[in-house]
Amino acid sequence: MPHVLFLPAQRSAEVSVGASLLEAAQACGVEIHIPCGGQGRCGRCAVVVQGGDGRLRRRSTIRLSPADIAAGYALACQSLVLGDLAVVVPPQEEIARHLVTAKHAVAVEPPAGYTVADQPLQAFFLALDPPSLADQTDDWSRLQRGLAGAYGVSGLTADMDLLRRLGEVLRSADWQVTAVVELDAWDRPAGPPRLVDLLPGRRTDALHAIAVDIGTTTVSLFLVDLMTGRVVARAADYNDQIRRGEDIISRIVYASRKAGNSQPAANSVNSANLVELQALVVGTINRLVEQACRRAGVEPKQVYKATVVGNPTMIHLFLGVPPEQIRLAPYIPALNQVPSLPGAAQALGLAIHPQATVDCLPGVASYVGADITAGVLSSGMHRSEALRLFIDIGTNGETVLGNADWLICCACSAGPAFEGAGVEHGTRAAAGAIEEVWINGDTGEPTYRTVGNLPPKGLCGSGLISLLAELFLAGLVDKRGRLNQGWPGLRDRPSLGPRVRRGDHGLEYVVAWAEETAIGRDIVLTEVDIDNLLRTKAAIFAGFTSLAEAVGVPLEAVEEVLIGGAFGQHINVEKAVEIGLLPDLGTGEGWSRFRFLGNTALNGAYLALVSRAMRQEVRNIANKMTYLELSADNRFYEQFMSAMFLPHTDARLFPSVASRNT
Amino acid sequence: MPVTIPQTKYAGKVREVTIGATRAEGGTRSRTVTVGGETTLPFLLHEGEMPHPPAVAVEICDRRPADWSPLLYEAWGEAVNDPATWARAAEAAGADLVLLHLTGPVQRADGSTPTAQEARQAVRRVLEATGLPLLVFGPGIADLDNELLVAVAEEAAGERLVLGVCEDKNYRTLVAAALAHGHLVDGRTPMDVNLAKQLMILIRDMGLPLERVLMDPSTGALGYGIEYGYSVMERLRLAALNGDAMTQQPMLVTPGEEAWRLKEAKVGDGGVPAAWGDWAERAITWEVLTATTLLHAGADVVCLRHPASVAEVKAVIARLMAGGKDGK
């Protein structure tokens, strides 16, 4: 009988020829994790076999790359023992890195060759000669003279507040000061330079800025140290405006109403509701600034610039500009290309330096904004010959198709489900969020992993995708997204056990019992939640299929699919395909055509913040992009209805899912 | 100059579905009705085959319904008080199929809730009264439908009844009952090509052969959204003929129910402008025109209410099947 030695445990078992490695491990008490119940679906039981040639038969290698197989990786539940073997059981974390379908967010790095000297914002240290009877130059002129002499900066401007403080700062610092100067802006390339702040002593380390992505559902922010160009802290939270409407249309309607009245406000700029929405989003940003600054040990007053992206509605509301024309034909926003706003932080209520410049990146059309142009910027698709599809899985389901020669985009109202909103136990992708789930096909019991391996708080986007896919593959929900209760006598599963039960919102599936959670309540997924997820995934799928159809490009011709979204650090492409959110490009090689870029809008804002070239490029992208209006297109509705199914009404579009489903 | 009539040849074919079972087949029907099998659009007999004429089902109830038009009570007379008598009258009026509608609290004068036992009895009596294949529809209240139709399925095991209506909310129970007792189902969706297709997939996934499924795309009466229903049926049929396996089911529609709930059919002389003309003529014409329109959209089974409409619609079908000539 073959002899199997397990390392590092140093235990061995004698098993008959044809037994699985899993059985061998169990025979000698070596624990191998099998979340999917040993069905070869999850890939979590991967082990490294030494000397496996001819002594091991792999029934399935579905989760392993060719390189993994060459290195000896095998799925314990799917590999049969034919002869003597030595098997290394790697730690779980190591296995996770080998799963070819889990796509990890690309890292955010400053552009190559970053140097603070290229920045529009500069911190100049000045050791000025104190005034004397021999040198009676006034303070302001003395400062200007110092800057011109040491750094060649001339024609300096400054605001009143700074002029009033000038004399006191210079004297208390004994004429050793740091001048924070903004030399120019993208729309004022020749200056004049503006004195933003005057700090006592040598404070060239003070220079910070923020990149902000105002999402309809989630606001995210990077705090950037301009000396190094690095992101020193990040923060994200739900947009406080959600309480005034979940989607952009209801926010626009709310903003244009007189408070407490359904009539449109007489003077829309001063509408109390618009003022309220503006304050809500600024309040969210300020909270994030405070958090990020605290973590990085930076004073909020040392943040001298904010680069902001968001869809046009979010930008209008952030600036307090009436947004109602976005909703009304012919759908013309007040601002797509916002000028740079020197010293606007104070007027907007941002709790950074009051004289900080606010730079809103340009958008394309009423429903495709700077979040998408910034997303394209960070994806690099506008520079590549290869045809790429970029899908931003957010509340507004924006999609861009194209390459270096052309770009076309669309947006559709997808809903906030994948950001964890509008789902009973949804949560952002933060610590404690369930981000991956496996369900044992025989017992219906789940296994899950949370961000930071903490007790679960709820389900984030990737967790929801994963859970829905597993429920579907395990036969617990039907193709219409309804939970099966079992039907006596008809299948081999008369009852589904305690995990499927009737709750306040119809049937629900219990992912985690109250005692294992951080919230002290059962974490469930209800049929209403599943409906919301279906609508969201159907809208996103219908968006990019309509777009591809409109330009006559088959999806198979797309060389790479770029995914953006607030999924935290990873998304499992296979599961997203299984529920019909992403197109089925085949298994194995097909999966390698997906790339997860993380929060592309924020990454793009960051690039435009730290690089003049990138700031120019994002303008070019906005000018170049064609916009497809889906509301004028019957195709979208048709596509949407056929995508309201798992994975899709037309099974031919999902051959790899169909083959695993029968 | 010779003129060639262009012809379209389709790759797909509508499935044939047989309703009812004779003694030899495990039921008690004196004959069965097969619908479907088309290889072309309705009545384009020069292009392809239409092996079976569309069938006419006559709708009866298990007891006198409280909400029908007075014209219908007048036409059926005493028969409306007893399902067995009514079934025989329907057969005499020319029905190919009998549609037994189980009344719910709303349709019942006393507002009572029907019991499974009553439903079993009504079905048993209708089966004994007529040899025609039978369709049985519940009152349209999900929980009640499940309770009554499961009992009916068991009572009439082997008869190849059509159980309805089977929707995405209750398809599991109805399909399970059809599977267990050898029946068919009528799968109804609200006027949408994709929804219709999705329900067929769900039903098939439960293991019911598609040879036992009718597709009911819903319809509206003439003047009340029939264009929308027509377009959906036409698109479903074109998809079927072009090879989409999940749309290749014969279609059932209920023009009788739709036409007879309108003001034009329900409200008599005095309640409407005089220019609307004779009440009975108007109401029957409405039902007939609704039904014939739907036949042109691809209906394989039309459910009617008035005996005069049955005769007219059957005559239209006969003529269309004879290539426009008098089919008698």
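At 65% relative accessibility, A:Asn453 counts as exposed. The model described here is predicted. A:Asn453 has a positive phi of about 50 degrees, although the residue is not a glycine. The residue sits in the loop between β22 and β23 (458-459) of chain A. A second case occurs in chain B. There, B:Phe43 has a phi near 65 degrees, again a positive value in a residue other than glycine. B:Phe43 belongs to the loop between β2 (33-36) and β3 (55-61) of chain B. In contrast to the exposed A:Asn453, B:Phe43 is buried, with a relative accessible area of 10%.

Most residues other than glycine have a negative phi, and most peptide bonds are trans. The bond from A:Leu7 to A:Pro8 is cis, with omega near 0 degrees. A:Pro8 is placed in the loop between β1 (3-7) and β2 (11-14) of chain A. A cis bond also joins A:Ala329 and A:Pro330, where omega is about 0 degrees. The loop that holds A:Pro330 runs between α8 (312-319) and α9 (345-348) of chain A.

Chain A contains an open sheet of six strands. Their order is β29-β27-β18-β19-β20-β30, and the pairing is mixed. The edges are β29 (594-598) and β30 (626-627), each of which pairs on one side only. Within the sheet, β18 (residues 388-393) and β27 (residues 560-565) run parallel and are joined by six bridges. A:Leu389 stands opposite A:Val561 of β27(A). Helix α14 (residues 600-610) of chain A lies across β18, β27 and β29. The angle between α14 and β29(A) is about 65 degrees.

Helix α16 (residues 634-643) of chain A makes contacts in both chains. Its buried residues are A:Phe636, A:Gln639, A:Phe640, A:Met641, A:Ser642 and A:Ala643. These residues pack against α12 (527-551) of chain A together with α6 (193-205) of chain B. An α-helix has 3.6 residues a turn, so residues three or four places apart point the same way. In α16(A), A:Phe636 and A:Phe640 are among the buried residues.

A:Asp184 lies in the loop between β11 (176-182) and β12 (194-200) of chain A, and A:Arg612 lies in helix α15 (residues 612-624), so the pair ties together parts that are 428 residues apart in sequence. The two partners differ in accessibility. A:Asp184 counts as buried, at 11% relative accessibility. A:Arg612 is partly exposed, with a relative accessible area of 40%.

Helix α15 takes part in another link. A:Arg383 forms a salt bridge with A:Glu617, and their closest N and O atoms are 3.0 Å apart. Because A:Arg383 is in the loop between α10 (370-379) and β18 of chain A and A:Glu617 is in α15, this pair ties together parts 234 residues apart in sequence.

A:Arg499 and A:Glu445 also meet through their side chains in a salt bridge, at 3.0 Å from N to O. This pair links distant parts of the chain, 54 residues apart. A:Arg499 lies in the loop between α11 (461-473) and β24 (500-503) of chain A. A:Glu445 lies in the loop between β21 (433-439) and β22 (446-450). A:Arg499 is buried, with a relative accessible area of 6%. A:Glu445 is partly exposed, with a relative accessible area of 33%. Elsewhere, salt bridges link A:Glu435, A:Glu436, A:Arg449, A:Glu470 and A:Lys575 in a network.

The two chains meet in an interface. The size of an interface is often given as the accessible area lost when the parts come together. Between chain B and chain A the buried area is about 1500 Å², and carbon and sulfur atoms give 51% of it. B:Arg172, B:Asn194 and B:Gln198 supply 36% of the area that chain B buries against chain A, more than any other three residues. The contact takes 17 residues from chain B and 17 residues from chain A.

Five salt bridges are found across this interface. One of these joins A:Arg482 to B:Asp168, with the closest N and O atoms 3.0 Å apart. Ten residue pairs are in polar contact between the chains. On the side of chain B that touches chain A, the elements giving two or more residues are α5 (171-181) and α6. Of the elements on that side, α6(B) gives the most, with nine residues.

How values were computed:
Residues numbered from 1 in each chain as written. Chains lettered and ligands numbered in written order. Predicted model: local features only at pLDDT ≥ 70, side-chain atom pairs only at ≥ 80, totals over all residues. Heavy atoms only, no water. Pairing = 2+ DSSP bridges. Helix = DSSP H or I, 4+ residues; strand = E, 2+ residues; numbered from the N terminus. Contact = heavy atoms within 4.5 Å. Axes fitted to C-alpha atoms, helices over the stretch in contact; angles between N-to-C directions. Buried < 20%, exposed > 50% of the residue type's maximum accessible area, 1.4 Å probe, protein only. Salt bridge = Lys/Arg side-chain N within 4 Å of Asp/Glu carboxyl O. Buried area = accessible area lost by both parts, 1.4 Å probe. Polar contact = N/O pair within 3.5 Å; in protein donor to acceptor, adjacent residues only side chain to side chain.
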